[in-house]
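Me: I would like a close look at one strand and its surroundings. Please keep the answer connected and spell out any cut-offs.

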Amino acid sequence: MKSNFATITQMVYPTQTSHFVSLISKSQLSHFYLFIGPSQPEKLAFSQYLAWQIVGATERNLVRVMENDHPDVKIVRPSLPKSGTGTNRTWKVDQIRALKPEFVTVAQESTRKVFVFDAVETLHAESGNALLKFIEEPTGPQLIVMLAENINEVMTTIQSRAQIVHLLPETAIAADDSVDDEWRQATQTILFKWFELMMQRRIEAFVYVQTQLVNQLKDSQQQQLFFNWLHQLSRDTVVFGQISDDKLVFPRLVGLYKTLIQHYTKKQLLRASDAVLIDDRIRQNNVSLQTRLEKIVLDVTIALGE
């Protein structure tokens, strides 16, 4: 038996998986991580995988972590509205305080307790401060993991205390091999040109949205693949030079990546990556495709100019 979270983790984040397993084996894991990147389900799967490695990678623990039924692993999401009619989850201070018994008890079966907090963008002021109090006064060895899609939406007090990791997919799990190859090649060619114009902060990137991209992406499947590729491009710009070229998703764009690192700092490229990834949240608000793409161009332009 192999769990869904293990399958997803090893497929989507092979490099980061190897890195963190090594940290665990050497007892070099930090106390508090903030994982930033697209797709909450995939980041959550990665966090479950780390918890599984910490509590013991057995078949029994695999099932218990998957079902959130392990005494040393607590995975928590924001609360739904009390009315039950809305879908927007938010962290409530009472929800955080209810976790106090978990925070003040030590691990029962493992070397440390693991807490995973999903979607911490909605963690604000009172609830955030209540959580930080528990984090800063641990009863015993703990691992705190928080997940978010855009670092700019996370409380600065959390950012300053956590070790921030940009968790970017290395493989698009949603890719569909049945997509027409001719469309795939044509779309990637358009994407690469648009991405280059955008990263050069050229006004033509806005025009390209209207004249090329919108007409090329006619259905939801095509749009999902396009954004998967865009995320992978963004990831390549961030990790270029830190991994071998053959591990890049688009190694044929090495020339572009070299040019980018010559013109921009690592901090600028990370900000640009955040600007791309925030689209995962924008798309939930029924915003048009053209508006989404134009916002990405604008936000990337601003990020690279700061």
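Which residue stands opposite Val114 in β3?

Reply: Val73 stands opposite Val114 in β3. This is a predicted model, in which local features need pLDDT of at least 70 and side-chain atom pairs count only at pLDDT 80 or more, while totals for chains, interfaces and linings use all residues. Residues are numbered from 1 along each chain as its sequence is written, and side-chain values use heavy atoms, with hydrogens and water left out.

The protein chain holds 15 helices and 5 strands. Helices (H or I, at least four residues) and strands (E, at least two) are DSSP runs, numbered from the N terminus. Two strands pair if DSSP finds at least two bridges between them. The 5 strands form an open sheet with parallel pairing, in the order β2-β3-β4-β1-β5. Its edge strands, β2 (73-76) and β5 (163-166), each pair on one side only. From one strand to the next the twist averages 15°; axes here are lines fitted to C-alpha atoms, for helices over the stretch in contact, and angles run from 0 to 180 degrees between N-to-C directions.

Now β3 itself. Strand β3 covers residues 113-117 and pairs with β2 in the parallel sense over 4 bridges. Besides the Val73 and Val114 position, Val76 stands opposite Phe117. With β4, β3 also runs parallel, and 5 bridges join the two. On that side Val116 stands opposite Val145 in β4.

In a regular strand the side chains alternate between the two faces of the sheet. In β3, Lys113, Phe115 and Phe117 point one way, Val114 and Val116 point the other way, and all are buried. Buried means under 20% relative accessible area, exposed means over 50%, and partly exposed lies in between (1.4 Å probe, protein chains only). Because 5 of the 5 residues of β3 are buried, this strand is largely enclosed by the rest of the structure. For the protein chain of 306 residues, 53% count as buried.

A helix also lies over this strand. Helix α3 (residues 40-55) lies across β1 (32-36), β2, β3 and β4 (142-148), and runs at about 170° to β4. Gln48 is found in α3. Gln48 counts as buried because its relative accessibility is 13%. Leaving aside neighbours within four places in sequence, Gln48 is in contact (heavy atoms within 4.5 Å) with Phe5, Val65, Met66 and Ile75. Across the protein chain, 75% of the contacts with a separation of 6 or more are between residues 24 or more positions apart.

Elsewhere in the chain there is a nonpolar core, meaning a set of buried Ala, Val, Leu, Ile, Met, Phe, Trp, Tyr and Cys residues joined through side-chain atoms within 4.5 Å. The largest such core has 43 residues, of which Trp194, Met198, Leu230 and Val300 touch the most other members. Helix α9 (181-199) is among the helices that each supply at least two residues of this core, and α9 gives the largest share, 9 residues. A second, separate core of 31 residues includes Phe20, Leu29, Ala51 and Trp52.
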